[in-house]
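Hi,

Here is the structure I said I would pass on. Have a look at it first, and my notes on what turned up follow below.

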Amino acid sequence: MTARVDLKWCSLIHMAIFAWYIFTLKSNCSLEISARHPGARQYGGRWKYLTFINLVMQTVFFGFCFLTEAMYLLLSSKVPTLMLKIRDAVFTTLVFPVGTFVAMSFWSIYAYDRELVYPKFLDEIIPNWLNHALHTVILPLLLVQHYLQHHQYPSRARGILVLALFASLYLSWVLWVHYASGIWVYPIMAKLSPVGLMLFFAASALAMAPLYLLGEKLSHACWGTPGSEKKKK
């Protein structure tokens, strides 16, 4: 495992991040749902929100990182190559680009008009620290992970294809939620015309690719090696 710090320190950092996400996930799931914002009580529950899906993804990923290092330290044996490949594949194609998208898209729309993504009455339901835990802290933690360990990137074609598949599945899920229940996951969607909605979905999906490339560039900047040993397509 290629890491910038001693493996013991690396495992402690991952354990701390994993504990933070477990605490954040528990706090999010423990929120009292008011009549004005039923949230989890509506069709699809919390799983219709990309923020929640990302929270679960980040929690599982950092837990997996801690597990791989704990196995190495406790068993004094080499970590299975398959585990390292899974760690790298999940981080490069999903964890970094999706987490970065959640942070950037949320605060971009929030700065334009918060009512389109996070109505003011939510301040009375969701504590300010939890809002930042869900939409802000994820970004610096992803940068820490980039600095901490080197991740082998797949070919660009394969990496972007996996990310595009994830985006397509989520957008299909959003459309199904609307079809089955008549509700839109985010307020901004209810204010758009059919054409505007298609453009919004397309822009959101296309925004994922540059974030994948950003992760690749950060890997190169941190480690001085190409993001992939394979020929980029």
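Let's start with Tyr 170, which counts as buried because its relative accessibility is 11%, under the 20% cut-off. Bear in mind that this is a predicted model. Tyr 170 sits in helix 6. Which residues does Tyr 170 touch, once its neighbours within four places in sequence are left aside? They are Lys 48, Tyr 49, Leu 50, Ile 53, Val 185 and Tyr 186. Take Lys 48: 122 residues separate Lys 48 from Tyr 170 in sequence, yet their C-alpha atoms are 8.5 Å apart in space.

Helix 6 itself covers residues 156–181. With 26 residues at 1.5 Å a residue, helix 6 should span 38 Å, and its end C-alpha atoms are 37 Å apart, so the two agree. Just past the end of helix 6, Gly 182 has a positive phi of about 80°.

Now to Tyr 186, one of the contacts of Tyr 170. Not counting residues up to four places away in sequence, Tyr 186 touches Tyr 49, Leu 50, Thr 51, Leu 116 and Tyr 170. The largest nonpolar core has 53 residues, and Tyr 186 is one of the three that touch the most other members, along with Leu 50 and Val 98. Helix 3 (residues 81–113) is the top contributor to this core, giving 10 residues.

Even so, helix 3 has a kink of about 50° centred on Phe 91. Phe 91 also belongs to an aromatic cluster, together with Tyr 21, Phe 61, Phe 62 and Phe 96.

On aromatics in general, how many pairs does a search of the whole structure find? The count is 18. One of them is Phe 23 with Trp 129: the ring centres are 5.4 Å apart and the planes are at 20°, so this pair is stacked. Phe 23 lies in helix 1 (residues 7–29) and Trp 129 in helix 4 (residues 128–135), so the pair links distant parts of the chain, 106 residues apart. Both are partly exposed, Phe 23 at 44% relative accessible area and Trp 129 at 36%. Phe 200 and Phe 201 make a tilted pair, because their planes are at 50°, with the centres 6.2 Å apart. Phe 200 is partly exposed at 22%, whereas Phe 201 is buried at 11%.

Last, the database side. An unreviewed UniProt entry lists residues 7–23, 55–77, 89–109, 129–148, 160–186 and 192–214 as "transmembrane region". In the model, residues 7–23 are 100% helix and 0% strand, with end C-alpha atoms 24 Å apart. Residues 192–214 are 87% helix and 0% strand, and there the end C-alpha atoms are 29 Å apart.

Cheers

Conventions:
Residues are numbered from 1 along each chain as its sequence is written. This is a predicted model: local features need pLDDT of at least 70, side-chain atom pairs count only at pLDDT 80 or more; totals for chains, interfaces and linings use all residues. Side-chain values use heavy atoms; hydrogens and water are left out. Rings of Phe, Tyr and Trp (its six-membered ring) pair if their centres lie within 6.5 Å; planes under 30 degrees apart count as stacked, over 60 as edge-to-face and the rest as tilted. Helices (H or I, at least four residues) and strands (E, at least two) are DSSP runs, numbered from the N terminus. Buried means under 20% relative accessible area, exposed over 50%, partly exposed in between (1.4 Å probe, protein chains only). A nonpolar core is a set of buried Ala, Val, Leu, Ile, Met, Phe, Trp, Tyr and Cys residues joined through side-chain atoms within 4.5 Å. Contact means heavy atoms within 4.5 Å. The bend at a residue is the angle between axes fitted to the seven residues ending there and the seven starting there. UniProt positions are given in the numbering used here, feature names are shortened, and annotations may be inferred rather than shown by experiment. The expected span of a helix is 1.5 Å times one less than its number of residues.
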